[in-house]
Amino acid sequence: MGKLSIDQLRERVRGAVVTPDDESYDEARKVNNAMIDRKPAAVVRCANAGDVMATVDFARENGLDLAVRGGGHSVPGFGTCDDGVVADLSAMRGVRVDASARTARAEGGATWGDFNAATYAFGLATTGGIISTTGIGGLTLGGGIGYLARGLGLSCDNLISADVVTADGRLVVASEEENADLFWALRGGGGNFGAVTSFEYRLSPVKDIYGGPMLFELKDAATVLRSFADHIAGAPEELGGFPAFQIAPPLPFIPADRHGEPFALIVACWSGPLDEGERALRAFHDFAPVVAEHVGPMPYPALNAAFDALVPPGLQHYWKANFVSELTDEVIDAHLRYAPGLPAVNSTVHIYPINGACHRVAPDATAFAYRDASFATVIAGMWPDPATNEAGTAWVRDYYEATSAHSEEGGYINFMAGDDQDRIRANYKGNYDRLVAVKRAYDPGNLFHLNQNIRP
Ligand SMILES: Cc1cc2nc3c(=O)[nH]c(=O)nc-3n(C[C@H](O)[C@H](O)[C@H](O)COP(=O)(O)OP(=O)(O)OC[C@H]3O[C@@H](n4cnc5c(N)ncnc54)[C@H](O)[C@@H]3O)c2cc1C
């Protein structure tokens, strides 16, 4: 068979194939990060796995770049490309829960909002991201850090199987039993190995949680960070959450005269018995005086959506990340130097604990290698005005440089920038060579290269 033309592709797929002449092209080529302005030759709004297979064939046969888009949240803009083809899975977002088996199967373009809404009805959940609009696809394939990780492990640790369209256009199942090498690589290796049309997850009993944000004065930030690190290492694993830095948004629970000021935060999530929540969070109140808080019982999906308004689509994004094995005084000093300069209310710095169930998985049991890290830090620069891109980016870079001197070489791939490709090997440590071997087996031509790329 010869190469597929765009018209043949249109005949073969159920979803729309959007090209530059179409009215919806500008909408179709957009991703979450407005700094990314790429012009693909075609965006295929995939309706099903067959559409994904056809799109993969089309890209490969025509020698075009292929971008795979789930939730579109990749900060480096891996969900789009110039002149190539985008397999856009964002219309594929169905979630089916098997409550008795405590599993859920979600299509590759679902968001955590879709997922949590579906599982909440059954009092079940799994580890997902902290913003409801992030895709389960990119997040899970990179590892997946969130409120429930201390108790349930990373998102990828809860993956049971995946339906994957590989570079040759076949749909294969990856699980412990089938294509086990591919399954291993999918759990942390990112979008390198294929387009996942469906993810099957293990669920655990989580329904309503007790939590929310607590604001502390910046002058108390060092104490808060040190106390948090001491406390969280031994706290019950139902206690999730993370310290952060954030400019106070104009919300009613924050005194009006403090709006616009930077604060240290703890965002807490107790997923144990609700009536124990207040007690579980009491230790945080002992770290330092709390300036303002919005803490209480709420549905888990409500906490998952609580910060969505701070990160609407269309902001400018530049992020950097690293792991630390210890929150040393040097790292804390670096935070204290740069956090007060947060460039906008949308920007934030999160310091996610990696311990509990995340540490019980061996470093070589999945592709996610940093099982000995104690925190994953992300310096998430986000602002609305492109005119401030240079200053905002410089703040992220300087902050990152200051902390990286006292951090591990690798960072969490889902928080890393487009200019971090030289850190990929470091990120995977002892797993890198095995990832290359799996890449050679499933994608020797590196069709799936628009990601934190593991070269075959
Ligand atoms: C506002 C915001 C909040 C975030 N919060 C968290 C958080 O709490 N925890 C966390 O761990 N990370 C978080 N992240 C980072 C997030 O994990 C990555 O940005 C991730 O890539 C997003 O996945 P996506 O599907 O939305 O992105 P996309 O841009 O659609 O995809 C990103 C990458 O994943 C691959 N990909 C996506 N879907 C598939 C699929 N179905 N099959 C194969 N490859 C696929 C793509 O090829 C691409 O390389 C956040 C990001 C943002 C912008």
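The report below takes the cores, then the pockets, then a cavity.

The model is predicted: local features need pLDDT of at least 70 and side-chain atom pairs count only at pLDDT 80 or more, while totals for chains, interfaces and linings use all residues. Residues are numbered from 1 along each chain as its sequence is written, and side-chain values use heavy atoms, with hydrogens and water left out.

**Cores**

A nonpolar core is a set of buried Ala, Val, Leu, Ile, Met, Phe, Trp, Tyr and Cys residues joined through side-chain atoms within 4.5 Å, where buried means under 20% relative accessible area (1.4 Å probe, protein chains only). The largest such core has 81 residues, and Tyr147 and Leu186 touch the most other members. At least three of its residues come from each of domain 2 (95-205 + 431-442) and domain 3 (208-421); the bounds come from an automatic or database domain assignment. Another core, of 41 residues, lies apart from it and includes Leu225, Ile247, Leu342 and Ile351.

Beyond its neighbours within four places in sequence, Leu186 is in contact (heavy atoms within 4.5 Å) with Thr140, Leu141, Ala162, Val164, Ala174, Phe193 and Val196.

**Pockets and cavity**

On a 1 Å grid over the protein atoms alone, a cavity is a set of points where a 1.4 Å probe fits but cannot get out, and a pocket is an open set with protein on both sides within 12 Å along at least five of seven lines; lining residues have an atom within 4 Å of a point. A volume is the space filled by probe spheres set on the points, which are joined across faces, edges and corners. In the linings, Ala, Val, Leu, Ile, Met, Phe, Trp, Tyr, Cys and Pro count as nonpolar, Asp, Glu, Lys and Arg as charged, and the others, Gly among them, as polar.

| Space | Volume | Lining by class |
|---|---|---|
| Largest pocket | about 440 Å³ | 6 nonpolar, 11 polar, 6 charged residues |
| Second largest pocket | about 360 Å³ | 17 nonpolar, 3 polar, no charged residues |
| Second largest cavity | about 60 Å³ | 6 nonpolar, 2 polar, 1 charged residues |

Of the 23 residues lining the largest pocket, Lys30, Val31, Asn32, Gly71 and Pro313 lie nearest its centre. The second largest pocket is lined by 20 residues, with Pro213, Leu251, Phe253, Ala306 and Phe307 nearest its centre. Strand S12 (208-216) gives the most to this lining, with 3 residues.

The count comes to 3 cavities of 30 Å³ or more. Residues lining the second largest cavity include Tyr147, Arg150, Phe242 and Tyr352. This lining draws at least three residues from each of domain 2 and domain 3.

Conventions. Buried means under 20% relative accessible area, exposed over 50%, partly exposed in between (1.4 Å probe, protein chains only). Helices (H or I, at least four residues) and strands (E, at least two) are DSSP runs, numbered from the N terminus.
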